[in-house]
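Please take a moment with the sequence and the 3D structure before reading on. The notes below are meant for someone meeting this model for the first time.

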Amino acid sequence: LPLILAWYFERHEGTMNWRNFVVAALLVAVPFGLVVRQPDLGTALLIGACGFYVLYLAGLDWRVIVGGAILCVLIFAAAWQFDWMHDYQKERILTVINPGGDAQDTGWHAIQAAIAIGSGGIFGKGWLNGTQTHLEFLPEKHTDFIFAVYGEEFGLLGGVVLVVLYLLFIGRCFLIAANASTLFGRLMAGSMTLMFFTYAFVNMGMVTGMLPVVGVPLPFMSFGGTALMTLFIAVGILMSVQTHRKLVNS
């Protein structure tokens, strides 16, 4: 999606107007709507976010952004009120507010993740010594909740180190996007950088109980061939953008 949107905007560079943004929004709406129909709202929201990043970087008017945000809030309220959402989707949102409301079912993931991270303390229990993990209390420990495993075994200190590494990586990616020689390169690199940030932020927020539980991998940490391959392809594209930047003699 970032690739095709960046290609589309570069084709209309210099003559861009509101019609181009409408077409781009439709390009985002097609995969978004198909994934929502599965239903997989979490992945659909990530797809929508990746598309929005390209629109924003291409110069989408802030008034449109504010109006779109208000519209999204109204749609969410209507979906909740008129039961357009599935029951499990509502339960995931309510679990964020009160994870102890159904501790044996919908709140189980969030509660066990919190216990795992909390039991790690400052320095953690050590490599492969996490009790919540190895006693099978923590679900999906190798994919969605890998950060809870990491937090239990390496503690707060290890978590801070991991966050700093992500920030350095994302900062480097933004620098590559800023130095790209073409509009295509800037839009593509910028949106992929924000994609990395979104994946890490959503996964960590989900595991720590700040966001609803969704199936989002933690970049370069979660087990999974497709996600890992996709992320490495994105890194390769960013390296290509950096390689083909224009060098200016000082």
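What follows is a short briefing on a predicted model, arranged by topic.

- The buried residues of α2 are Asn20, Phe21, Ala24, Val28 and Val35, and what covers them includes α1 (2–11) and α3 (41–57).
- In an α-helix there are 3.6 residues a turn, so residues three or four places apart point the same way.
- Helix α8, residues 146–178, spans only 32 Å between its end C-alpha atoms, whereas a straight helix of 33 residues would span 48 Å.
- Within α8 there is a kink of about 120°, and this kink is centred on Gly155.

**Two residues with positive phi**
- Most residues other than glycine have a negative phi.
- Leu128, which is not a glycine, has a positive phi of about 65°; Leu128 lies in the loop between α6 (108–120) and α7 (131–134), and it counts as partly exposed because its relative accessibility is 48%.
- Phe220, also not a glycine, has a positive phi of about 65°; Phe220 is found in the loop between α9 (183–207) and α10 (225–243), and with a relative accessible area of 31% it is partly exposed.

**One cavity**
- The structure holds one cavity of 30 Å³ or more, and the volume of the largest cavity is about 30 Å³.
- Among the residues that line the largest cavity are Pro217, Phe220, Gly224 and Leu231, and its lining divides into eight nonpolar residues, two polar and no charged.

How values were computed
Residues numbered from 1 in each chain as written. Predicted model: local features only at pLDDT ≥ 70, side-chain atom pairs only at ≥ 80, totals over all residues. Heavy atoms only, no water. Helix = DSSP H or I, 4+ residues; strand = E, 2+ residues; numbered from the N terminus. Expected span 1.5 Å × (residues − 1). Bend = angle between axes of the 7 residues up to and from the residue. 1 Å grid on protein atoms, 1.4 Å probe; cavity = no way out; pocket = protein on both sides within 12 Å on 5 of 7 lines; lining within 4 Å. Points joined across faces, edges and corners; volume = space filled by probe spheres on them. Nonpolar A, V, L, I, M, F, W, Y, C, P; charged D, E, K, R; others polar. Buried < 20%, exposed > 50% of the residue type's maximum accessible area, 1.4 Å probe, protein only. Contact = heavy atoms within 4.5 Å.
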